[in-house]
Amino acid sequence: GAVAKRMQELGVKHVIQGCKDKIAAFEALTSELGIDAADCAYVGDDLPDLALLHRVGFAIAVANAVAELPSQCNYTTTARGGHGAVREICDLVLAAQSEAG
């Protein structure tokens, strides 16, 4: 409940929790929104995230991800999951948008 409440407060419209088939959920969401997988980023911390990390255009591992993940990703945060990793990623995206124009 806390995550859903926080996402509502932040205005995040699409929140998927407790998902058993991440690929199906991702494909349904990208289809609904008309977004190509290559234009998406995904953040993971464990082996079940590998399939989606391989599917997106920008794969991110948090600093405390399992050892196998960082080598499979484009970027690894310096912050641990739950300790500023999302903020670090948001800052990274905002900086990239500023550089792009």
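A pocket here is an open set of points on a 1 Å grid, with protein on both sides within 12 Å along at least five of seven lines; its lining residues have an atom within 4 Å of a point. In this predicted model, the largest pocket holds about 1,300 Å³ of space. Its lining counts 31 residues. Three strands form an open, parallel sheet, and four salt bridges are found in the whole structure.

**Largest pocket**

- Val12, His14, Ala41, Tyr42 and Val43 are the lining residues that lie nearest the pocket centre.
- Four elements each give at least two residues to the lining: helix H1 (2-10), helix H2 (22-33), strand S1 and helix H4 (85-100).
- The lining has 23 nonpolar residues, alongside four polar and four charged ones.

**Sheet**

- The strand order is S1-S2-S3, with parallel pairing.
- S1 (41-44) and S3 (75-76) are the edge strands, and each pairs on one side only.
- S1 and S2 (residues 58-61) run parallel and are joined by four bridges.
- Ala41 is placed opposite Phe58 of S2. Ala41 is also among the residues nearest the centre of the largest pocket.
- From S1 the chain passes through H3 to S2, a β-α-β crossover that is right-handed.

- Side chains of opposite charge can pair when their charged atoms come close.
- Lys22 and Asp49 meet through their side chains at 2.7 Å, N to O. Lys22 belongs to helix H2, while Asp49 lies in the loop between S1 and helix H3 (50-55); the two are 27 residues apart.
- How exposed or buried is Asp49? Its relative accessible area is 4%, so Asp49 is buried, the cut-off being under 20%.
- Lys22 has 32% relative accessibility and therefore counts as partly exposed.
- Glu27 pairs with Arg55 in another salt bridge, where the closest N and O atoms are 3.2 Å apart. Glu27 is in helix H2 and Arg55 in helix H3, so this pair ties together parts 28 residues apart in sequence.
- Glu27 is partly exposed, at 37% relative accessibility. Arg55 is partly exposed too, with a relative accessible area of 36%.

- Arg87 forms a salt bridge with Asp91, with 3.2 Å between the closest N and O atoms.
- Where do Arg87 and Asp91 lie? Both are in helix H4, four residues apart, which is about one turn of the helix.
- Arg87 counts as exposed because its relative accessibility is 59%, and the cut-off for exposed is over 50%.
- Asp91 reaches 37% relative accessibility and so counts as partly exposed.

- Helix H2 supplies at least two residues to the lining of the largest pocket. Helix H2 also holds Lys22 and Glu27, each a salt-bridge partner.
- Helix H3 lies on the crossover path from S1 to S2 and carries Arg55.
- Helix H4 gives at least two residues to the lining and contains the Arg87 and Asp91 pair.

How values were computed
Residues are numbered from 1 along each chain as its sequence is written. This is a predicted model: local features need pLDDT of at least 70, side-chain atom pairs count only at pLDDT 80 or more; totals for chains, interfaces and linings use all residues. Side-chain values use heavy atoms; hydrogens and water are left out. Two strands pair if DSSP finds at least two bridges between them. On a 1 Å grid over the protein atoms alone, a cavity is a set of points where a 1.4 Å probe fits but cannot get out, and a pocket is an open set with protein on both sides within 12 Å along at least five of seven lines; lining residues have an atom within 4 Å of a point. Grid points are joined across faces, edges and corners, and a volume is the space filled by probe spheres set on the points. Ala, Val, Leu, Ile, Met, Phe, Trp, Tyr, Cys and Pro count as nonpolar, Asp, Glu, Lys and Arg as charged, and the others, Gly among them, as polar. Buried means under 20% relative accessible area, exposed over 50%, partly exposed in between (1.4 Å probe, protein chains only). A crossover is right-handed if, with the strands pointing away from the viewer, the path from the first strand over the helix to the second runs clockwise.
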